[in-house]
Amino acid sequence: NIEAIACGTHVVTYRTGGSSEIIEITGAGEVVKKGDYQSVINIARKYKGKKLILKREVYKMISHTRMVKDYINLYQELQSIQS
């Protein structure tokens, strides 16, 4: 879901696991009850052809630049622990 949102795509997800949390944080889609296929269809029609516009602070939180920096920091942290 995060990758789809970062690419400007609205997300429709079920209220299971942690998938709904990113929608609640970003406002980048909708959450439906598991198995509610009609809502999924209706939401897909609603967003068809509409590009998602994220607030700057939301984009910064999930951008590829941020993710790369986080991975590099984690790698460096692990290296220092192993040394």
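I worked from a predicted model. I began with the largest pocket and asked which helices supply its lining: helix 1, helix 4 (56-62) and helix 5 (64-82) each provide at least two residues. Helix 1 contributes the most, with 3 residues. I listed the lining as I2, E3, A6, C7, Y59, I62, S63, H64 and M67. By class, I noted 6 nonpolar, 2 polar and 1 charged residue. The volume of this pocket came to about 170 Å³.

I next turned to the salt bridges, of which the structure holds 3.

For K46 and E30, I found the closest N and O atoms 2.7 Å apart. Because K46 lies in helix 3 (residues 37-47) and E30 in strand 2 (residues 29-32), this pair ties together parts that are 16 residues apart in sequence. I recorded K46 as partly exposed at 45% relative accessibility, and E30 as partly exposed at 22%.

For D70 and R66, the closest N and O atoms are 3.2 Å apart. Both residues belong to helix 5, where a spacing of 4 residues separates them by about one helical turn. D70 is partly exposed at 33%, as is R66 at 37%.

For E24 and R15, I noted a salt bridge between the side chains at 3.3 Å, N to O. E24 is exposed, with a relative accessible area of 53%, and R15 is exposed at 52%.

Lastly, I looked up H10, which sits in the loop between helix 1 (2-6) and strand 1 (11-14). The H10 side chain reaches the backbone oxygen of K50 at 3.3 Å. Beyond its sequence neighbours up to four places away, H10 touches A28, Y47, K50, K51 and L52.

Methods: Residues numbered from 1 in each chain as written. Predicted model: local features only at pLDDT ≥ 70, side-chain atom pairs only at ≥ 80, totals over all residues. Heavy atoms only, no water. Polar contact = N/O pair within 3.5 Å; in protein donor to acceptor, adjacent residues only side chain to side chain. Contact = heavy atoms within 4.5 Å. 1 Å grid on protein atoms, 1.4 Å probe; cavity = no way out; pocket = protein on both sides within 12 Å on 5 of 7 lines; lining within 4 Å. Points joined across faces, edges and corners; volume = space filled by probe spheres on them. Nonpolar A, V, L, I, M, F, W, Y, C, P; charged D, E, K, R; others polar. Salt bridge = Lys/Arg side-chain N within 4 Å of Asp/Glu carboxyl O. Buried < 20%, exposed > 50% of the residue type's maximum accessible area, 1.4 Å probe, protein only.
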